[in-house]
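Subject: Structure for you to look at

Hello,

Here is the structure I said I would pass on.

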Amino acid sequence: MRRTALSLLLLSLALPLAAFASVAAAQESRPITEADVASRQILSVEFAIAPPAPAFIALVRFTLPPGAAVDSGPIAGPRLFLVESGEVAVGAVDPPDLGFLRAADAPPGAVAGFGPAVILRPGDHFVATGPEPVELRNDGAQAAVFLDTVIVSGSSSAVSPHTSANGVVVDPLVAGVANALPAAPIELRFERLGIATGSEIALPAAPGPRLFVVESGMLGLAAVSGEITYSSAAGNNPGSVAGRARTLSPGKETLLTARGSVFAQPDAVGIARNIGRTHLVLLAITILPAGHAKPAGNDSAATPDALDA
């Protein structure tokens, strides 16, 4: 078995084996219909704890080749793994002695040197609620891809894209330091937003930070109030190094293409416009007080075609 450490600076996290269950001005203005803007909630998870601010928040995509594994390392803060493709086995890094001399003698789901495993498939997620590290491994014949979301107290944003010696691709998608977080318990909400050509959507004030990644299309981002930072992607290949984060002043606009990212501080207000010729798709993560209602204006009916176009 090949294993590599998750060498994300200041991203050491603590996890137990818990439940599991990608500017210019807008074009001519016109009435916006439900077909123009679609929102689909992917996942909503509550955490009983929240680190004090400032808090470093990051979304990182890992690609595991067959046979490769990563060790989460000890951490202190909420963490969530969401599988995008392939299968990922999650187990204890240092499992207890199972009493079997050979792996073949162990019951299904228990592998000598790995421990009882939970198998995650596309759409499945794993939540950590304690300090114990876990191992994530790809036992399949195809590459496995998962998203790693971390919230930890601190003001460093040292997350570097790299490929390990055994081929594990570590690809940071968006990261930033929140100057405030809601009081615990908190909710981590994943959504996918689809915006038709020539349409726009308001990004209203929220009680917690929001992170956006441009999955496809061309985003015209305008800041209305509060602090919004953005980063342009250096390229569309996994592992490409994004440009440095810049602050978007209120009243200003910028343009972001695929793999560009946005970090909006609590109470920041902005506008997202589709200024391209194809559908704009954004992956959005919002940190909210547990049980917080969805903001008005973002509850349009969503269809797979509208969001996957």
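Which residues form one aromatic cluster? They are F62, F81, F126 and F146. Please keep in mind that this is a predicted model, as everything below rests on it.

**Aromatic rings**

A search through the whole structure turns up three aromatic pairs. One of them is made by F62 and F146, whose ring centres are 5.2 Å apart and whose planes are at 10 degrees, which counts as stacked. F62 sits in strand β3 and F146 in strand β11, so this pair links distant parts of the chain, 84 residues apart. Both F62 and F146 are buried.

F81 and F126 make a tilted pair, because their planes are at 40 degrees, with 6.5 Å between the ring centres. F81 belongs to strand β5 and F126 to strand β9 (residues 125-128), so the pair ties together parts that are 45 residues apart in sequence. F81 counts as buried because its relative accessibility is 1%. F126 is buried as well, with a relative accessible area of 0%.

In general, a pair of aromatic rings is described by two things, the distance of the centres and the angle of the planes.

**Strand β5 and its partners**

Is strand β5 enclosed or open? Five of its seven residues are buried, so β5 is largely enclosed by the rest of the structure. Four bridges connect β5 with β9, and these two strands run antiparallel. Within that pairing, R79 has A128 in β9 as its bridge partner. β5 is also joined to β11, by six bridges, and this pairing is antiparallel too. There, L80 stands opposite T149 of β11.

**Nonpolar cores**

Which residues touch the most other members of the largest nonpolar core? They are I57, L59, L80, I151, L188 and F190, out of 24 residues in that core. The elements that contribute two or more residues to this core are β2, β3, β5 (79-85), β11 (144-153), β13, β14, β16 (210-216) and β23 (280-289). Another core lies apart from it and has 22 residues, including A58, V88, V134 and V170.

Setting aside neighbours within four places in sequence, L59 is in contact with L147, D148, T149, P172, L173, V174, F190, V213, L283 and I285.

**Backbone details**

Most residues other than glycine have a negative phi, and most peptide bonds are trans.

- A cis peptide bond, with omega about 0 degrees, joins A53 and P54. P54 is in the loop between β2 (37-47) and β3 (55-64).
- A cis peptide bond also joins A184 and P185, again with omega about 0 degrees. P185 is in the loop between β13 (169-178) and β14 (186-195).
- R259 is not a glycine, yet its phi is positive, near 80 degrees. This residue lies in the loop between β20 (253-256) and β21 (261-264). R259 counts as buried because its relative accessibility is 16%, and the cut-off for buried is under 20%.
- D267 is not a glycine either, and its phi is positive at about 70 degrees. D267 is in the loop between β21 and β22 (269-274). With 54% relative accessibility, D267 counts as exposed, the cut-off being over 50%.

S164 lies in the loop between β12 (162-163) and β13. Its relative accessible area is 14%, so S164 is buried. The side chain of S164 makes a polar contact with the side chain of N166, at 2.5 Å.

E132 is in the loop between β9 and β10 (134-137). It is partly exposed, with a relative accessible area of 43%. How far apart are E132 and V93 in space? From C-alpha to C-alpha they are 8.5 Å apart, while in sequence they are 39 residues apart.

Regards

Note on methods
Residues numbered from 1 in each chain as written. Heavy atoms only, no water. Buried < 20%, exposed > 50% of the residue type's maximum accessible area, 1.4 Å probe, protein only. Core = buried A, V, L, I, M, F, W, Y, C linked by side-chain atoms within 4.5 Å. Contact = heavy atoms within 4.5 Å. Phe/Tyr/Trp six-rings, centres within 6.5 Å; stacked < 30°, edge-to-face > 60°. Pairing = 2+ DSSP bridges. Polar contact = N/O pair within 3.5 Å; in protein donor to acceptor, adjacent residues only side chain to side chain.
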